[in-house]
Amino acid sequence: EKKLVGALKIMNLLDELGFNFKIRLRQNKYVVYSKSSEEIAYFLAVIGANNATFTIMNNKILKGIRNDANRVKNCDDANIGKAVNASHRHTSAIKYLIESNNITRLPDQLRETARLRLEYNELNYAELGRKFSPVISKSGVFHRLEKIVELSEEFKKEGK
């Protein structure tokens with residue numbers, strides 16, 4: 001076929017120039033193509049199509065920026081979800097302790113942590129840690145809240 005021979009000649013010439021293009025039959029026509037945007041941009045630069053080269057580069061940069069922004073948003077959404085679930089778990093445990101009159105069985109530090117968690121439910125661990133006097137770390141807040149949940153579960157098992 002004449003069309004295939006022409007496409008092969010073009011591809012061989014591109015191969016000699018260091019390009020890695022492929023041939024595909026589409027709608028009864030042979031097409032020489034590359035899926036690599038870098039390779040296409042380089043080819044366009046070699047043949048002097050600078051505006052087209054810059055358009056491809058700009059589109060690739062914009063796509064990268066959008067992908068990065070989506071990744072950050074998805075990460076933020078996941079972190080917010082985790083924080084909401086943890087906060088709900090902590091406040092549920094604290095409310096159980098109050099309703100069952102077991103809050104008084106907690107050490108002073110944990111009672112203070114429970115009070116501050118209920119009072120400042122919207123704060124993250126680091127922000128909540130700054131409400132303590134003296135200030136404690138976000139890790140300290142987390143461990144205290146986890147201890148409250150653990151004790152709440154133990155008291156539930158005791159039936160008190």
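Modeller: Let us begin with the contact of α4 and α6, where Gln109, Leu110, Thr113, Ala114 and Arg117 in α4 meet Arg144, Leu145, Lys147, Ile148 and Leu151 in α6. Contact here means heavy atoms within 4.5 Å. Helices (H or I, at least four residues) and strands (E, at least two) are DSSP runs, numbered from the N terminus. The model is a predicted one, in which local features need pLDDT of at least 70 and side-chain atom pairs count only at pLDDT 80 or more, while totals for chains, interfaces and linings use all residues. Residues are numbered from 1 along each chain as its sequence is written, and side-chain values use heavy atoms, with hydrogens and water left out.

The residues of the contact of α4 with α6 divide into 5 nonpolar, 2 polar and 3 charged. In this scheme Ala, Val, Leu, Ile, Met, Phe, Trp, Tyr, Cys and Pro count as nonpolar, Asp, Glu, Lys and Arg as charged, and the others, Gly among them, as polar.

Two packed helices are described by the angle between their axes and the distance between the axes. Axes are lines fitted to C-alpha atoms, for helices over the stretch in contact, and angles run from 0 to 180 degrees between N-to-C directions. For α4 and α6 the angle is about 100 degrees, and the axes are 10 Å apart. That makes α4 roughly perpendicular to α6. Angles under 35 degrees count as roughly parallel, over 145 as roughly antiparallel, 65 to 115 as roughly perpendicular and the rest as oblique.

Helix α3 (residues 50-99) also packs against helix α6 (residues 138-158), at an angle of about 45 degrees and with the axes 9 Å apart. These two helices are therefore oblique to each other. Their crossing is left-handed; a crossing has this hand if the near helix is turned anticlockwise from the far one by less than a right angle, and is right-handed if clockwise. From α3 the contact includes Ala93, Ile94 and Leu97, and from α6 it includes Leu145, Ile148 and Phe155. By class, this contact of α3 with α6 has 8 nonpolar, 2 polar and 3 charged residues.

The axes of α3 and α4 come within 10 Å and cross at roughly 120 degrees. That makes α3 oblique to α4. The crossing of α3 and α4 is left-handed. The contact is made by His90, Thr91, Ile94, Lys95 and Ile98 of α3 and Ala114, Arg117 and Leu118 of α4. Its classes are 4 nonpolar, 2 polar and 2 charged residues.

We may now turn to the core. In soluble globular proteins, nonpolar side chains tend to be buried together. A nonpolar core is a set of buried Ala, Val, Leu, Ile, Met, Phe, Trp, Tyr and Cys residues joined through side-chain atoms within 4.5 Å. Buried means under 20% relative accessible area, exposed over 50%, and partly exposed in between (1.4 Å probe, protein chains only). The largest nonpolar core has 19 residues, and those with the most contacts inside it are Leu97, Leu106, Leu128 and Ile148. The helices α3, α4 (108-119) and α6 each supply at least two residues of this core, and α6 gives the most, with 6 residues. Leaving aside its neighbours within four places in sequence, isoleucine 148 is in contact with Ala93, Ile94, Leu97, Leu106, Leu110, Thr113 and Ala114.
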